[in-house]
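Please read it alongside the sequence and the model.

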Amino acid sequence: MAGIVGGNSVEEEYLWSCSLTAANKEFTWAPEDSSDTKEDDENDPSVKPGHRLLIKSAILMPTAKKDEVTIVQIESEGYNKQKVVVPICAMRGGSDYQQYVDLLVPSQAKITLLQGEGPINLVGSHCVDFYGYRDIGAGDSEDEDEATADEEEAEAEAVKEKGDEKKKTPTKEDKAEDKKTPAKEDSGSKKRKASAEPPKSAEKKKKESPAK
């Protein structure tokens with residue numbers, strides 16, 4: 001099971017369990033990544049995934065001795081590297097069969113059957129957090145996306161500039177129309193001017209007639 005925790009961080013969960021009996025009273029939880037090496041940790045610690053153990057429930061089997069109290073203890077590292085040793089569940093044989101624990105263990109731990117003979121089973125989830133572990137190379141893809149976007153913008157601007165040039169450059173037809181149109185307008189204006197002005201001979205006759 002995998003889920004997005006936040007941002008680009010990915011968390012995977014795996015089913016986990018362990019059994020404690022009179023013959024096997026200790027269990028050490030110290031997960032290691034098979035692909036992880038010391039060189040990787042020294043060169044780039046961010047590539048190392050984080051492991052967490054979530055103990056959900058404890059189940060005391062019916063074969064446990066009646067009225068015998070079974071106690072499970074955990075030993076791990078707390079805040080500021082302080083050692084923590086504490087019981088996490090206590091169950092009585094014949095009456096207690098399942099107990100809700102819900103304990104998150106963020107680092108390596110040793111689980112011990114402190115009292116009783118069991119058998120008792122612990123069930124939970126092994127959580128693997130990938131913070132930056134799977135993001136290697138993600139920056140390259142982002143750069144490629146940005147470069148592609150810039151190229152697309154440049155192409156769009158080039159196409160726009162070509163379109164503007166086509167609009168500005170006059171065609172042969174436009175030139176021909178520009179040459180023909182003023183000639184027609186000039187001839188028409190000359191005709192109108194000639195019709196508007198009366199002939200000079202008519203004016204002279206009008207002026208002479210009152211003298212007679």
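D129 touches V10, E11, P49, G50 and R52, leaving out residues up to four places away in sequence; contact means heavy atoms within 4.5 Å. The model is predicted, so local features need pLDDT of at least 70 and side-chain atom pairs count only at pLDDT 80 or more, whereas totals for chains, interfaces and linings use all residues. Residues are numbered from 1 along each chain as its sequence is written, and side-chain values use heavy atoms, with hydrogens and water left out.

- D129 belongs to strand β9 (residues 120–130); strands (E, at least two residues) are DSSP runs, numbered from the N terminus.
- With a relative accessibility of 5%, D129 counts as buried; buried means under 20% relative accessible area, exposed over 50%, and partly exposed in between (1.4 Å probe, protein chains only).
- A polar contact of 3.1 Å links the side chains of D129 and R52; the term denotes a pair of N or O atoms within 3.5 Å, where within protein one must be able to donate a hydrogen and the other to accept it, and residues adjacent in sequence count only if both atoms are side-chain atoms.

**Open sheet**
- An open sheet is formed by 4 strands in the order β3-β8-β5-β6, with antiparallel pairing; two strands pair if DSSP finds at least two bridges between them.
- β3 (26–29) and β6 (83–92) each have a single partner strand and stand at the edges, so one side of each has no neighbour in the sheet.
- Strands β5 (residues 69–77) and β8 (residues 109–115) run antiparallel and are joined by 6 bridges.
- I74 has I111 as its bridge partner in β8.

**Nonpolar core**
- The largest nonpolar core contains 21 residues, and W16, I55, V72, I111, I120 and L122 have the most contacts inside it; such a core is a set of buried Ala, Val, Leu, Ile, Met, Phe, Trp, Tyr and Cys residues joined through side-chain atoms within 4.5 Å.
- The largest share of this core, 4 residues, is supplied by β4.
- Beyond four places in sequence, the contacts of I120 include C18, A58, V72, M91 and L113.

**Aromatic pair**
- The count comes to 1 aromatic pair; rings of Phe, Tyr and Trp (its six-membered ring) pair if their centres lie within 6.5 Å, with planes under 30 degrees apart counted as stacked, over 60 as edge-to-face and the rest as tilted.
- W16 and F27 form this edge-to-face pair, at 5.8 Å centre to centre and 65° between the planes.
- Because W16 lies in strand β2 and F27 in strand β3, the pair ties together parts 11 residues apart in sequence.
- W16 is buried at 8% relative accessibility, whereas F27 is partly exposed at 24%.
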